[in-house]
Amino acid sequence: QVEEAERQRKEDLRRQKIELVNLVPSEPSPTDPEAVCVVFKMPNGSRLERSFNQTLRRQQDEAYMLSLLADQEKERVRSQEMERRESEARQQRQVEEAERQRKEDLRRQKIELVNLVPSEPSPTDPEAVCVVFKMPNGSRLERRFLQTHTLEDVFHFVFCHPESPDEFEITTNFPKRTLDCKGALKCQTLSEWGLRKGEVLFVYDLES
């Protein structure tokens, strides 16, 4: 098999030389002003001398320059692609860091605001209002407030609850009204808002 492979290799080389010999340009006249004499030093120590036309040399130089420009263009495109990927990765890290910071700020805010959640009144308190919150995940929270508690108090309770979404709004059922828990009416009492005794409020996730 080794001998057969070597024989095939030599046969392929022989055929290749036959094909390429037709591509060798004719040797110009020694008096041709465009002629260039080239001396080849062979591995066995011999010397081959051959004249070539400078036009061929120019063509070779042009081909080399075109190849060089093509390589430079490939390198430019590759560098641009690397810069684009690095920029996207940097932007992604910035987005992730901003989101991490946002969640950390929310966590701290909940720790601070939990102290503002009013104590739950007794079920026998005549001023008590029982409120059922329907959360976005389908769960129900039940909590008593006083009629004198404000819309902001209700917001603090929902905001600090573990099942609360980060951004939400609270609405009544029918007629549907959105509680102005953080706006100009946040200091209105439940009584002033018309919430008395048993109430069902809906919590909507604004980021879903």
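**Ground rules.** I number residues from 1 along each chain as its sequence is written, and I take side-chain values from heavy atoms, with hydrogens and water left out. Since the model is predicted, local features need pLDDT of at least 70 and side-chain atom pairs count only at pLDDT 80 or more, while totals for chains, interfaces and linings use all residues.

**Entry 1, the sheet.** I looked up the strand order first. Helices (H or I, at least four residues) and strands (E, at least two) are DSSP runs, numbered from the N terminus. Two strands pair if DSSP finds at least two bridges between them. Four strands form an open sheet, ordered E4-E3-E6-E5, with mixed pairing. Strand E4 (140-146) and E5 are the edge strands, each pairing on one side only. On average, neighbouring strands of this sheet are turned by 30° against each other, direction ignored. For angles, axes are lines fitted to C-alpha atoms, for helices over the stretch in contact, and values run from 0 to 180 degrees between N-to-C directions.

I then went through the pairs.
- E3 and E4 are antiparallel, with seven bridges; Lys134 has Arg140 in E4 as its bridge partner.
- Strand E3 (residues 128-134) and strand E6 (residues 199-205) are parallel, with four bridges; Val132 is opposite Val200 in E6.
- E5 and E6 run antiparallel and are joined by five bridges; Ile170 is opposite Val203 in E6.

Which strands does H3 lie across? I find H3 across E3, E4, E5 and E6, running at about 125° to E5. Contact here means heavy atoms within 4.5 Å.

I count as a nonpolar core a set of buried Ala, Val, Leu, Ile, Met, Phe, Trp, Tyr and Cys residues joined through side-chain atoms within 4.5 Å. Buried means under 20% relative accessible area, exposed over 50%, partly exposed in between (1.4 Å probe, protein chains only). The largest nonpolar core has 25 residues, of which Phe133, Val158, Ile170 and Leu179 touch the most other members. Two or more residues each come from helix H2 (54-113), E3, E4, H3, E5, helix H4 (190-193) and E6. H3 gives the most, six residues. For Leu179 I listed the contacts beyond four places in sequence: Leu151, Ile170, Thr171, Thr172, Trp193, Leu195 and Leu201.

Ser164 is in the loop between helix H3 (151-159) and strand E5 (168-172). Is Ser164 buried or exposed? Its relative accessible area is 8%, so Ser164 counts as buried. Its side chain reaches the backbone oxygen of Val158 at 3.0 Å. Leaving aside neighbours within four places in sequence, Ser164 is in contact with Lys110, Met135, Val158 and Phe159.

Lys176 is in the loop between E5 and H4. With 55% relative accessibility, Lys176 counts as exposed. Not counting residues up to four places away in sequence, Lys176 touches Thr171 and Tyr204. I also noted Phe202, 26 residues from Lys176 in sequence and 9.6 Å away in space, C-alpha to C-alpha.

I looked for disulfides (pairs of cysteine sulfur atoms within 2.5 Å) and the structure holds zero. Cys160 is buried at 19% relative accessibility, whereas Cys187 is exposed, with a relative accessible area of 56%.

Technical notes: Polar contact = N/O pair within 3.5 Å; in protein donor to acceptor, adjacent residues only side chain to side chain.
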